[in-house]
Amino acid sequence: MNDETHEIIIQNICGYACKFLKYPKIKIKIMRRVRPVGKNKSYVMGHTSIGGDTITLDIYTARLRKPKKISAILSVLAHEIAHHQKPPYRQWHRGRWIVRQHFPKFYKQVNKNMEKIKKDEMIGKYFK
């Protein structure tokens with residue numbers, strides 16, 4: 001499978017998943033990387049703009065730039081949609097304000113999204 005067909009398949013599957021999770025206006029973008037990520041370096045798997053309506057996903061592996069499994073991409077999508085469902089908030093902690101982006105209720109929402117995706121007959125087959 002070449003890169004163009006992989007990108008089209010991912011666009012269609014993620015578009016269906018967004019509609020399925022009740023966020024039909026979200027647009028999926030593909031993250032473009034010029035060079036591979038080196039050894040022992042961290043990298044971003046997905047990014048969302050909370051106020052906007054775009055989610056950017058990295059659909060290729062970090063070092064070898066091969067296409068990722070669809071189940072891994074759907075997991076990242078569930079995480080990014082949870083940012084829209086449970087948005088970050090500010091909290092006073094130890095004498096200063098912090099932004100809570102990943103918190104227990106957020107991860108419960110991610111798990112709920114994953115359960116919904118796995119139960120769906122169209123896209124749940126990618127997790128088997």
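Is Cys14 buried or exposed, and what is its relative accessible area? I looked this up first: Cys14 is buried, at a relative accessible area of 1%. Buried stands for under 20% relative accessible area, exposed for over 50% and partly exposed for in between, with a 1.4 Å probe and protein chains only.

A note on the source: this is a predicted model, where local features need pLDDT of at least 70 and side-chain atom pairs count only at pLDDT 80 or more, while totals for chains, interfaces and linings use all residues. Residues are numbered from 1 along each chain as its sequence is written, and side-chain values use heavy atoms, with hydrogens and water left out.

**Cysteines.** I searched for disulfides (a pair of cysteine sulfur atoms within 2.5 Å) and found zero in the structure. For Cys14, the nearest cysteine sulfur is that of Cys18, 6.6 Å away. Cys18 is in no disulfide either, and I noted it as buried, at 1% relative accessibility.

**His83.** I found this residue in helix α2; helices are DSSP runs of H or I with at least four residues, strands are runs of E with at least two, and both are numbered from the N terminus. His83 is buried, with a relative accessible area of 8%. Beyond four places in sequence, I listed its contacts (heavy atoms within 4.5 Å) as Thr48, Ile50, Pro88, Gln101, His102 and Phe106.

**Lys66.** My last stop was the loop between β3 (54-57) and α2 (70-85), where Lys66 sits. Neighbours within four places aside, Lys66 is in contact with Ile59, Tyr60 and Thr61.
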